[in-house]
Amino acid sequence: MAPPQMLADFPHEVLLDVLAKADTARLKAFAEPLIAQLDTIGVLENRTGLVMLPIQDTAQGTNFHLGEVLVSEARITASGQEGYGMRRGRDLEAAMAMALVDVAVAAGVAHADCATFIASEQQAQQAADHERLRRVEATRVDMETF
């Protein structure tokens with residue numbers, strides 16, 4: 001098996017992070033045409049399950065489990081590479097779409113298109129995070145002024 005290829009601007013952990021939070025409809029629409037460009041696709045795993053959500057107590061610095069989160073997970077092989085996808089919720093098709101993009105990148109298929117899609121999704125996620133933080137900041141109370 002050849003070593004997996006990477007996108008120059010996106011380390012693998014960043015790639016998976018962006019894909020895990022990508023818009024579901026856009027992810028599925030982007031992944032669908034990749035199927036024709038890959039060799040035979042094998043499904044190694046396709047399931048839903050609960051994972052523990054670890055959180056750190058910022059006051060004490062101790063770690064604890066906040067609760068369980070339902071996730072969908074997929075592992076596939078194609079073109080001599082393995083792809084992985086895990087997304088929050090019960091949408092196995094979205095997890096499979098994420099794994100398809102991951103295996104396409106690893107196999108060197110549609111690299112330019114994948115890089116463009118990842119960059120676009122990352123930019124949308126950063127804009128949404130910025131907007132969320134802006135709204136939270138508006139509710140901040142400075143206790144020193146009381």
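At 10% relative accessibility, Phe-117 counts as buried (under 20% relative accessible area; exposed is over 50%, partly exposed in between, with a 1.4 Å probe and protein chains only). The model is predicted: local features need pLDDT of at least 70, side-chain atom pairs count only at pLDDT 80 or more, and totals for chains, interfaces and linings use all residues. Residues are numbered from 1 along each chain as its sequence is written, and side-chain values use heavy atoms, with hydrogens and water left out.

**Exercise 1.** Classify the aromatic pair that involves Phe-117.

Solution. 
- Rings of Phe, Tyr and Trp (its six-membered ring) pair if their centres lie within 6.5 Å; planes under 30 degrees apart are stacked, over 60 edge-to-face, the rest tilted.
- The count under this rule is one aromatic pair.
- Its members are Phe-30 and Phe-117, with ring centres 4.4 Å apart and planes at 0 degrees, so the pair is stacked.
- Phe-30 belongs to helix α2 and Phe-117 to helix α5, so the pair ties together parts 87 residues apart in sequence. Helices (H or I, at least four residues) and strands (E, at least two) are DSSP runs, numbered from the N terminus.
- Phe-30 also counts as buried, at 17% relative accessibility.

**Exercise 2.** Determine which residues of α2 are buried and how they are arranged.

Solution. 
- Helix α2 spans residues 24-31, and Leu-27, Phe-30 and Ala-31 are buried there.
- Viewed down the axis of α2, the buried residues fall within an arc of 95 degrees (taken over directions from the helix axis to the C-beta atoms), so they line one face of the helix.
- An α-helix has 3.6 residues a turn, so residues three or four places apart point the same way.
- Ala-25 and Ala-29, on the other side of α2, are exposed.
- The cover over the buried residues includes α1 (12-21), α3 (34-37), β3 (81-88), α4 (92-107) and α5 (111-137).

**Exercise 3.** Describe the length, burial and ends of α4.

Solution. 
- α4 has 16 residues and reaches 22 Å from first C-alpha to last, close to the expected 22 Å (1.5 Å times one less than the number of residues).
- Of its 16 residues, 13 are buried, so α4 is largely enclosed by the rest of the structure.
- Asp-91 caps the N-terminal end of α4, with a side-chain oxygen 3.2 Å from the backbone nitrogen of Glu-93.
- Just after α4, Gly-108 has a positive phi of about 80 degrees.

Note on methods. Contact means heavy atoms within 4.5 Å. A polar contact is a pair of N or O atoms within 3.5 Å; within protein, one must be able to donate a hydrogen and the other to accept it, and residues adjacent in sequence count only if both atoms are side-chain atoms.
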